[in-house]
Amino acid sequence: MALNMKTLTQALAKASAVIEKTVTTTVQEVTGPRPLQDYELLDQAGSGGPGLAWRIYTARPREGAPSTPYPVVSVWVLDKRALSEARNRAGLSKAAEDAFLDLVRADATRLVRLRHPGVLHVVQALDETKAAMAMATEPVFASVANTLGCLDNVGKVPKELKGMEMGLLEIKH
C-alpha cells in the first residue's frame, strides 16, 4: 500500500489542529480566562453587576499583553464556582444559574458594542472558562452600588470607599 503525500499532509494538518486546540484549552483551564492571563491583578476595587456578583480588580498589563491606552485597567471576574455554591445555598435551580450566566454574557456583549463617553469602555471582551468569566475595562474605582454603601462581595474595603459620601446631584446622575 503506497502512501499518498496529499493524504499524509491532510492527516498531519488535522492532527496538528487537534493538538493545538487541546493545548489551548488546557492552558486556558489552568490559567483562567484571557484577561487573567494578560493582566496582573493588584487589589480588589469593588464589586458590580447583577447581585454584585462581579469582583472588580485593579490590574496592570503583563509583558506581551495587548496594548491599551490605560496604564492600569479594571478586570472584572465572575467566579462560576462561587456562584454555583451561592445558588445551592439559596435553593435555586441550575436553570436559574444558567439564565443568570446568559444574561451576563448578553450584557457583556452589548457593552463591547457601545461607544459613548458616558458608557464604560471595554478594553478586552468577555472570556470564559468552566471556572470563571473575566473582562477588562477602563479603570474604575468602584461600582455605583459600592459608592452608595452596598459592599457585598468585597473582601477588603478600599480606603477610597470608606466614609464616601455622594452629593444629591451625583446620586441623581
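Guide: Two strands pair if DSSP finds at least two bridges between them, where strands (E, at least two residues) and helices (H or I, at least four) are DSSP runs numbered from the N terminus. This is a predicted model, in which local features need pLDDT of at least 70, side-chain atom pairs count only at pLDDT 80 or more, and totals for chains, interfaces and linings use all residues. Residues are numbered from 1 along each chain as its sequence is written, and side-chain values use heavy atoms, with hydrogens and water left out.

Visitor: Okay, so what order do the strands of the open sheet take?

Guide: The order is S1-S2-S3-S5-S4, an open sheet of 5 strands with antiparallel pairing. Strand S1 (39-48) and S4 are the edge strands, each pairing on one side only. On average, and ignoring direction, neighbouring strands of this sheet are turned by 25 degrees against each other; angles run from 0 to 180 degrees between N-to-C directions, with axes as lines fitted to C-alpha atoms, for helices over the stretch in contact.

Visitor: How many bridges join S4 to S5?

Guide: Strand S4 (residues 122-128) and strand S5 (residues 132-137) run antiparallel and are joined by 4 bridges, and a hairpin of 3 residues leads from S4 to S5. Glutamate 128 has methionine 133 in S5 as its bridge partner.

Visitor: Switching to helices, where does H3 lie?

Guide: Helix H3 (residues 80-90) lies across S3, S4 and S5, at about 45 degrees to S3. Helix H4 (residues 94-113) packs on the sheet as well, touching S2, S3, S4 and S5, and its direction makes about 155 degrees with that of S4.

Visitor: And at what angle do H3 and H4 pack?

Guide: The angle is about 140 degrees, with the two axes 10 Å apart. H3 and H4 are therefore oblique to each other, given that angles under 35 degrees count as roughly parallel, over 145 as roughly antiparallel, 65 to 115 as roughly perpendicular and the rest as oblique.

Visitor: Which residues of H3 meet H4?

Guide: Lys80, Leu83, Ser84 and Arg87 in H3 meet Lys94, Glu97, Phe100, Leu101 and Arg105 in H4, contact being heavy atoms within 4.5 Å.

Visitor: What is leucine 78 in contact with?

Guide: Setting aside neighbours within four places in sequence, leucine 78 is in contact with Ala53, Trp54, Leu83, Phe100, Leu101, Val104, Ala131, Ala132 and Met133.
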